[in-house]
Amino acid sequence: MKQTRFYLEENTKSDIKVELLLSGLPVLLSNEGYTNILKESLEIKGEQNLLLNEIFFPGAVVLQISCFSEAERIFMLVKDTTVNNKQLTATIIPHILHEKLPQSTCPLLVFVNPKSGGLKGRDLLYSFRKLLNPHQVFELTNGGPLPGFHAFSQVPYFRVLVCGGDGTVGWVLGALEEIRHKLVCTEPSIAVLPLGTGNDLGRVLRWGAGYSGEDPYSVLISVDEAENVLMDRWTILLDAQEVVDSLENGIAEPEPPKIVQMNNYCGIGIDAELSLDFHHAREIEPGKFNSRFHNKGVYVKAGLQKLSHNRNLHKDIKLQVDQQEVELPNIEGLIFLNIPSWGSGADLWGSDNDNRYGKPRIDDGLLEVVGVTGVVHMGQVQGGLRSGIRIAQGSYFRVTLLRPIPVQVDGEPWIQPPGQIIISAAGPKVRQIKNPSPSCGTFPVNQLFYKWEARFLSKDHIVPLYSFQGLQ
């Protein structure tokens, strides 16, 4: 509260409508099923003060409550409530009077991951809440991206600024893909303020290698002046052949296929193994991973421990590109690239002309497939001394794993059992915001702010006061 400015005005309307977004519920239930769970878990006696407004997302519902005291009771009770051993979360949804927004307005929806970039994420959260309407700025650790998208669901035009690492950007883009059909503005443009360690997408879109304390106001100016570009997204189907024991009858059943979305790249082998080692180290001592310098040091240490690896990945996987079998060279890692940046800005594909392949683009519907021979090769690529081994370029891929192998998608690693991995284009393309240049010019105020007024309190002190036009 001390970090946020509020503008208050008397509400002359007698009706009360508080909206809470509850998430963490079981998926694929009916309205009646969700209502029964909430009545039982939250001790709701009657329906006169409660309305299940909609099922906004699998496992997330919106409650509309007509009593302030009941809303407060439910909000506090949710913090200590679990359903099927899963913690529920509740977020208050601001009410935007979208019909009162000027037609020329394209407000900015801001998502901030305060855990990214050390303390920079938290500082940005406070700064943006002071510069913008606080109800435009959402903390991702409080309910994820859903509350923000729900609040802006009826706004005809808006843009999004994501402050975090590549994983945070993927989180927001994944949520957008799931609830796009519920938004009036189905294709908002996405800007990235990089706070993570790699920040490869931020580099490609010219937002820099990482936020280093620039004036948040200048960031908003750059977002407003930036241009829109399209970017491909990809769907990865993971169909393992291993079986799991059913908890119901003890009979072994095939593990169900999983689907993940990819924005930047997918790695199989040594690249994913290093990411997995980093992930495990961060889980053990999360407090130490608060600087890019330390994080990269952990990667280097993990790489040094794998210098003796044998280059035999080609014996354990098979690759098809656009229905054609591709023979793999002696490699230790296979990487699928959607953007021309990998491993904190390295050019893995390389700039040499090659008559076999077209020039990589982020909107051409193609992925570039590159191999690396090991840790030393990866280090040479990151140092700009070498490129990867160009293997293929295509739009549909089938990878067969003959043994359990580490896999990572946009920095999220795991061990994938033997089976099939199918990579294909996901649509529609994402509208990204690309910074045309680091320079900043004039700034049309009504584009990002609902309304802004500055008044002199004294000749030496100016304090911005905010009139939140279009918000209640």
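**Cysteines, a sheet and some salt bridges**

Visitor: Is Cys67 buried or exposed, or in between?
Guide: Cys67 is partly exposed, because its relative accessibility is 22% and buried means under 20%. Keep in mind that this is a predicted model.

Visitor: And what about Cys163, buried or exposed?
Guide: Cys163 is buried, because its relative accessibility is 0%.

Visitor: OK, switching to strands. What's the order in the six-stranded open sheet?
Guide: The order runs β20-β19-β18-β15-β22-β23, with antiparallel pairing. The edge strands are β20 (389–394) and β23 (412–416), each of which pairs on one side only. On average, neighbouring strands in this sheet are turned by 20 degrees against each other, ignoring direction.

Visitor: How many bridges join β19 to β20?
Guide: Five, with β19 covering residues 367–372 and the two strands running antiparallel. For one of the pairings, look at Gly371, whose bridge partner in β20 is Ile389.

Visitor: What does the Gln416 side chain make a polar contact with?
Guide: The side chain of Trp414, at 2.8 Å. Leaving aside neighbours within four places in sequence, Gln416 is also in contact with several residues, including Leu238, Ala240, Arg403 and Ile421.

Visitor: Arg403, noted. Which residue forms a salt bridge with Arg403?
Guide: Asp316, with the closest N and O atoms 2.6 Å apart. Asp316 sits in the loop between α9 (292–304) and β16 (317–321), while Arg403 is in the loop between β21 (396–401) and β22 (405–409), so the pair links parts of the chain 87 residues apart. Asp316 is buried because its relative accessible area is 15%, whereas Arg403, at 32%, is partly exposed.

Visitor: How many salt bridges are there by this rule?
Guide: Ten. One of them joins the side chains of Asp232 and Lys429 at 2.4 Å, N to O. That pair links distant parts of the chain, with Asp232 in β11 (residues 227–240) and Lys429 in β24 (residues 419–434), 197 residues apart.

Note on methods:
Residues are numbered from 1 along each chain as its sequence is written. This is a predicted model: local features need pLDDT of at least 70, side-chain atom pairs count only at pLDDT 80 or more; totals for chains, interfaces and linings use all residues. Side-chain values use heavy atoms; hydrogens and water are left out. Buried means under 20% relative accessible area, exposed over 50%, partly exposed in between (1.4 Å probe, protein chains only). Two strands pair if DSSP finds at least two bridges between them. Helices (H or I, at least four residues) and strands (E, at least two) are DSSP runs, numbered from the N terminus. Axes are lines fitted to C-alpha atoms, for helices over the stretch in contact, and angles run from 0 to 180 degrees between N-to-C directions. A polar contact is a pair of N or O atoms within 3.5 Å; within protein, one must be able to donate a hydrogen and the other to accept it, and residues adjacent in sequence count only if both atoms are side-chain atoms. Contact means heavy atoms within 4.5 Å. A salt bridge is a side-chain nitrogen of Lys or Arg within 4 Å of a carboxyl oxygen of Asp or Glu.
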